[in-house]
Amino acid sequence: MIFSLVIIIFNVIALYESVTGLFQVMGLASSRNSIFLLTGTFTNPGPYGGCLAILIAVLAAYALKHRKTTGLLNRTLLCISLVSCTLCFIVLPATMSRAAWLGIAVAMVILVFHEFDPSLWIAQNRGWTTAIVVALAIIMTASFYMKKDSALGRLHIWHMELLAIADNPWHGYGAGSVLGVYGKTQAAFFSEKQRHEKVIQTAGCPEYAFNEYLKVGVEHGVPAMLGLIVGVLTLTSILLHFQSPFAYGVIVLAVFAFFSYPSECIHFKTDAEKHWDNVRYLSTMELYEDAVEEYRPLYSRLKGNYRFLYDYGYALHKTERYDESTIILTEGLRISSDPMFSNIIGKNYEALGEYEVAERWYLHAHYMVPCRLYPLVLLMELKNKTGDSDAALDYAEIILSMPYNKRLSSMTDLRKRAEAVLNKE
């Protein structure tokens with residue numbers, strides 16, 4: 001009875017998520033993020049795709065295992081599961097989540113082998129088997145090139161996380177530290193020597209670890225990461241042994257977690273976050289004194305939210321509370337890979353007349369994401385301010401030689417600031 005109830009719950013979720021996605025695609029409902037066409041009840045199509053893939057795997061496995069069931073209730077549940085599974089499968093491609101696609105593919109292959117043992121068919125149909133393998137290889141290659149920059153970016157993120165793990169393999173850096181550690185590791189990576197231009201263009205400041213296993217490795221060390229992997233494999237093995245359809249949902253989740261961030265998807269908004277959202281307009285309107293007064297009592301409850309820490313630290317900077325701003329922004333830098341924290345810290349020190357310290361922070365921001373123009377502009381203007389015109393000119397030439405998005409007015413404005421320095425000579 002409990003098992004049937006859980007399957008009913010899965011069906012309800014699947015029907016609701018799939019219908020929501022279909023409505024969003026057809027323009028009958030808006031997504032939870034204006035950047036994307038569909039997100040279901042999530043804020044990003046990636047996690048939404050992962051959710052659909054898990055639902056498909058569990059319901060497809062249930063339908064396959066109970067295809068010969070009898071009784072009105074069981075047959076009705078079977079039919080509903082097939083409908084739910086089909087609707088989710090229709091929506092899944094539109095999420096463009098390759099991690100979800102791969103997860104469902106792996107789960108379905110294991111389901112087929114576990115239920116039917118197709119080894120005899122493969123031996124008797126080698127031509128078809130070869131064709132299927134080639135088709136899968138083509139699909140995987142096409143999936144890579146479909147979002148090539150994203151895939152290369154993901155590989156670069158893993159590279160930085162592996163470097164971070166190698167520096168502290170046994171104990172890790174602590175819970176919630178992965179993004180801050182990532183930023184420091186990437187800054188060290190690019191400051192060591194000149195890297196290839198393609199690597200520079202690939203580097204960014206991710207908001208997620210994009211690999212739950214490496215995230216655990218960074219935060220808690222290799223033993224914890226291996227423990228997680230062993231735990232997932234053990235759970236999957238037990239569920240498969242008992243022929244549970246939930247085994248295939250775990251398989252999808254395990255594969256999806258290798259490429260995405262499922263642990264970040266479940267989040268309940270607190271009253272403090274709601275209040276912060278309601279008063280953020282103060283910063284937008286440049287009412288920074290009022291913003292500081294609103295943010296200050298929220299700090300104790302939101303100090304684990306780097307977006308809040310940036311807003312608070314920036315408001316303090318704009319109200320000339322430079323030392324306090326630096327303290328808040330440094331806390332944010334421990335849990336974020338965004339170089340803007342370093343930029344504003346540098347501006348705090350520059351405002352206090354500590355130009356050498358400011359330069360170090362600007363350089364750190366530059367190495368964190370070396371394709372960004374803003375840290376170099378700050379360095380250029382600092383050198384110009386302190387009378388080092390030769391260094392200012394060098395930075396201006398570097399800025400103007402860097403690629404930029406002409407459609408972004410902010411990038412154009414930064415280049416104009418560099419052009420103004422050159423034109424003075």
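1. Let me start with E381, which is partly exposed at 30% relative accessibility. Keep in mind that we are looking at a predicted model. The side chain of E381 meets that of R417 in a salt bridge, with 2.9 Å from N to O. R417 sits in helix α23 (residues 409-423) and E381 in helix α21 (residues 374-385), so the pair links parts that are 36 residues apart in sequence. R417 also counts as partly exposed, at 33% relative accessibility.

2. Now the overall picture, in case you want it before going further. The protein chain has 23 helices and zero strands. Its C-alpha trace spans about 85 × 50 × 45 Å along the principal axes. Of the 425 residues in the protein chain, 44% are buried.

3. Back to charges. Side chains of opposite charge can pair when their charged atoms come close. How many salt bridges are there? The count comes to nine, and the pair R417 and E381 is one of them. Two others deserve a look, and they get a point each.

4. D311 and R280 form a salt bridge through their side chains, at 2.8 Å from N to O. D311 belongs to helix α17 (residues 306-318), while R280 is in the loop between α13 (271-279) and α14 (281-284), so this contact ties together parts that are 31 residues apart in sequence.

5. K269 pairs with D277 in another salt bridge, and here the closest N and O atoms are 2.5 Å apart. Both ends are partly exposed: K269 has 48% relative accessibility, and D277 has 33%.

6. Next, acidic residues on the outside. Which residues gather in the patch of negative charge on the surface? They are D388, D390, D394 and E397. D390 is part of helix α22, which covers residues 389-401. With a relative accessible area of 54%, D390 is exposed, because anything over 50% falls in that class.

7. Cysteines next. How many disulfides turn up in a search of the whole structure? The search finds zero. C79, for instance, is in no disulfide, and the nearest cysteine sulfur, that of C85, is 13 Å away. C79 is partly exposed, with 44% relative accessible area. C85 counts as buried, at 14% relative accessibility.

8. Two backbone angles to check. F210 has a phi near 60 degrees, a positive value in a residue other than glycine. Where is F210 found? F210 is in the loop between α9 (197-202) and α10 (212-220), and at 17% relative accessibility F210 counts as buried. E286 also has a positive phi without being glycine, in this case near 65 degrees. E286 is in the loop between α14 and α15 (288-295). Buried or exposed? E286 is exposed, with a relative accessible area of 59%. So F210 falls under the 20% limit for buried residues, whereas E286 lies over the 50% limit for exposed ones.

9. G332 is in helix α18, which runs over residues 322-334. G332 is buried, with a relative accessible area of 0%. From G332 to S342 is 10 residues in sequence and 9.7 Å in space, C-alpha to C-alpha.

Notes. Residues are numbered from 1 along each chain as its sequence is written. This is a predicted model: local features need pLDDT of at least 70, side-chain atom pairs count only at pLDDT 80 or more; totals for chains, interfaces and linings use all residues. Side-chain values use heavy atoms; hydrogens and water are left out. Patches are made of residues with over 30% relative accessible area and no salt bridge: like charges are joined within 9 Å, nonpolar side chains (Val, Leu, Ile, Met, Phe, Trp, Tyr) within 5 Å. Accessible areas come from the Shrake-Rupley method with a 1.4 Å probe; for residues, only the protein chains shown count as cover. A salt bridge is a side-chain nitrogen of Lys or Arg within 4 Å of a carboxyl oxygen of Asp or Glu. Lys and Arg count as positive and Asp and Glu as negative; His and the chain ends are not counted. The place of a charge is taken as NZ of Lys, CZ of Arg, CG of Asp or CD of Glu. Helices (H or I, at least four residues) and strands (E, at least two) are DSSP runs, numbered from the N terminus. Buried means under 20% relative accessible area, exposed over 50%, partly exposed in between (1.4 Å probe, protein chains only). A disulfide is a pair of cysteine sulfur atoms within 2.5 Å.
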